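I opened this entry to record what I looked up in the structure, item by item.

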Amino acid sequence: MKKIVIKTLGDPITIREEDLSNHKLECRGYWDPKVGEIVIDSTIDEIDKHAVLIHEFMHLIDDVLVQNGVRKKRSSHELILHMADNLLVLLIVSGLITKFTIEEVFEFQKRMVDNWKEGDETLGIIARNKK
């Protein structure tokens, strides 16, 4: 993924990849509202990159809703995690994202459910399967 700049949501939002395997947050991606940037771990699988991007977009949207008074407080990380993972699966099986095989979707879902069962509610897909 090359560096992408989105200019339609107000201030520009930059999306870029970086090796986060040794990042202090031990994460697979993050949204930094101070600089308007989403960073995705360049070392993770392509399907996980899509999930992280959706997840970080949801944090971005959540921040905008709070800032504009639509919501009183930010959504829980657990809610965003579950919604983002499931949204990705729905986008793939509906044919709106055609880049992945059904086998890749099943493997992603298995990892997603395994993480939920393990009680990984803080980092979920973002922290799993570090290489």
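Entry 1: I worked from a predicted model throughout. Strand β3 covers residues 29–32 and strand β4 covers residues 37–41; the two run antiparallel and are joined by 4 bridges. I noted that β3 and β4 form a hairpin, with 4 residues between them. In the turn, Gly-36 has a positive phi of about 65 degrees.

**Entry 2: overall layout.** I counted 4 helices and 4 strands in the protein chain. Read from the N terminus, the order of elements is β-β-β-β-α-α-α-α. The chain has 131 residues, and 39% of them count as buried. I looked up the accessible surface as well: the protein chain exposes about 7900 Å², of which carbon and sulfur atoms supply 55%. For contacts between residues at least 6 apart in sequence, I recorded that 49% join residues at least 24 apart.

**Entry 3: salt bridges.** How many salt bridges does a search of the whole structure find? The search returned 9. I followed several of them individually.

Arg-28 forms a salt bridge with Asp-41, and their closest N and O atoms are 3.1 Å apart. This pair links distant parts of the chain: Arg-28 sits in the loop between β2 (13–18) and β3, while Asp-41 belongs to strand β4, and the two are 13 residues apart. I checked burial for both partners and found Arg-28 buried and Asp-41 buried.

I next examined Asp-48 and Arg-111, whose side chains meet in a salt bridge at 2.9 Å, N to O. Here too distant parts of the chain are linked, with Asp-48 in helix α1 (residues 46–67), Arg-111 in helix α3 (residues 102–117), and 63 residues separating them. Both Asp-48 and Arg-111 are buried.

The side chains of Arg-71 and Asp-62 also meet in a salt bridge, at 3.5 Å, N to O. Are these two partners buried or exposed? I found Asp-62 buried, because its relative accessible area is 4%, under the 20% cut-off. Arg-71 has 34% relative accessibility and therefore counts as partly exposed. I also recorded a network in which salt bridges with shared partners join Arg-16, Glu-18 and Glu-37.

**Entry 4: helix α2.** I tested the length of helix α2 (residues 77–93) against expectation. Its 17 residues should span 24 Å at 1.5 Å a residue, and its end C-alpha atoms are 24 Å apart, so the two values agree.

Which residues of α2 are buried? I listed Ile-80, Leu-81, Ala-84, Asp-85, Leu-88, Val-89 and Ile-92. These residues cover an arc of only 160 degrees around the axis, and therefore lie on the same side of α2. I then turned to the face of α2 directed away from its buried side, which carries the exposed residues Leu-90 and Val-93. After α2 comes Gly-95, for which I noted a positive phi, near 90 degrees.

Key:
Residues numbered from 1 in each chain as written. Predicted model: local features only at pLDDT ≥ 70, side-chain atom pairs only at ≥ 80, totals over all residues. Heavy atoms only, no water. Pairing = 2+ DSSP bridges. Salt bridge = Lys/Arg side-chain N within 4 Å of Asp/Glu carboxyl O. Buried < 20%, exposed > 50% of the residue type's maximum accessible area, 1.4 Å probe, protein only. Contact = heavy atoms within 4.5 Å. Areas by Shrake-Rupley, 256 points an atom, 1.4 Å probe, with all protein chains shown as cover. Expected span 1.5 Å × (residues − 1). Arc of directions from axis to C-beta.
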